Amino acid sequence: MAFSQHSGSGADSPIRFAVGTSSLGAVLVAASPEGLRVISLGDDPGRLVQELRQRFPKAERVDYDPDFGQLVAQVVRLIEAPAENFGLPLDLQGTPFQRRVWQALRDIPAGDTVSYSELARRLGVPKSIRAVAGACAANRLAVAVPCHRAIRSDGTLSGYRWGVERKIELLKREKNRV
């Protein structure tokens, strides 16, 4: 996946979005000219739009644009087959530390998981387990930045912005594909 890395909120960038559906529910896809900015999953499309509008008040809904529709379809394919790499363009917005965590998550092979503490060790900051978990929680790109691969040290699954049930299903799909 190609990606652009910026710090800060990028709230002034033009954001276009559309809502699609997948087997895991509604999918909101928002992009800047640089790439995907938000991939959200949920049961209520209206709530996903409301959350996006709170973060990006000037976001523009895409009613019909074949290119954007193709981007939404690629995101849905990624959700259906999270072990695949579709080369989606990403516009990562976060602090340098968050971006390091997100890249480390993207380096975890599909079908594998890693504990937050192991991820902190891999990043050379073994005492920053909470900061690593916080970076996972700040991730706005479901599946494309696979924070679903981060688990507790005891092997149990913890919270996931888009629901633990979706985390379980994504991990199951990855294991079945590998």
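Colleague: Which ground rules apply to the numbering and the values?

Modeller: This is a predicted model, where local features need pLDDT of at least 70, side-chain atom pairs count only at pLDDT 80 or more, and totals for chains, interfaces and linings use all residues. Residues are numbered from 1 along each chain as its sequence is written, and side-chain values use heavy atoms, with hydrogens and water left out.

Colleague: Let us start with the strands. Which strand pairs with β2 in the antiparallel sense?

Modeller: Terms first. Helices (H or I, at least four residues) and strands (E, at least two) are DSSP runs, numbered from the N terminus. Two strands pair if DSSP finds at least two bridges between them. Here β2 (residues 16–22) pairs with β3 (residues 25–32), antiparallel, over seven bridges. G20 has V27 in β3 as its bridge partner.

Colleague: Which strand runs parallel to β2?

Modeller: That is β5 (residues 60–61), joined to β2 by two bridges. R16 has E60 in β5 as its bridge partner. One general point for reading any strand: in a regular one the side chains alternate between the two faces of the sheet.

Colleague: Now the pockets. What is the volume of the largest pocket?

Modeller: The general idea is to roll a probe the size of a water molecule over the atoms, which shows where empty space is left. A pocket is defined on a 1 Å grid over the protein atoms alone: it is an open set of points where a 1.4 Å probe fits, with protein on both sides within 12 Å along at least five of seven lines. Lining residues have an atom within 4 Å of a point. Grid points are joined across faces, edges and corners, and a volume is the space filled by probe spheres set on the points. In this model the largest pocket has a volume of about 380 Å³. It is lined by 17 residues, and S40, L48, E51, R161 and W162 are the closest to its centre.

Colleague: Which element gives the most to that lining?

Modeller: Helix α1 does, with five residues in the lining of the largest pocket. Both β4 (35–42) and α1 (45–55) supply at least two. By class, the lining has eight charged, six nonpolar and three polar residues. Nonpolar means Ala, Val, Leu, Ile, Met, Phe, Trp, Tyr, Cys and Pro; charged means Asp, Glu, Lys and Arg; the others, Gly among them, are polar.

Colleague: W162 came up there. Is W162 buried or exposed?

Modeller: Go by relative accessible area: buried is under 20%, exposed is over 50%, and partly exposed is in between (1.4 Å probe, protein chains only). W162 is buried at 5%. Y160 is buried too, at 9%.

Colleague: How are the rings of Y160 and W162 set?

Modeller: Rings of Phe, Tyr and Trp (its six-membered ring) pair if their centres lie within 6.5 Å; planes under 30 degrees apart are stacked, over 60 edge-to-face, and the rest tilted. By this rule the count is one aromatic pair. The centres of the Y160 and W162 rings are 5.3 Å apart and the planes are at 75 degrees, so the pair is edge-to-face.

Colleague: How many salt bridges does the structure hold?

Modeller: The rule asks for a side-chain nitrogen of Lys or Arg within 4 Å of a carboxyl oxygen of Asp or Glu. The structure holds 10. Take R173 and E80, with the closest N and O atoms 3.3 Å apart. R173 lies in α6 (residues 164–177) and E80 in α2 (residues 66–80), so this pair ties together parts 93 residues apart in sequence. R173 is buried at 13%, whereas E80 is partly exposed at 33%. A network of salt bridges links E80, E169, K172 and R173.

Colleague: Last one. What is the phi of V143?

Modeller: Most residues other than glycine have a negative phi. V143 has a positive phi of about 70 degrees, although it is not a glycine. V143 is in the loop between α5 (129–138) and β8 (150–151), and counts as buried at 3% relative accessibility.
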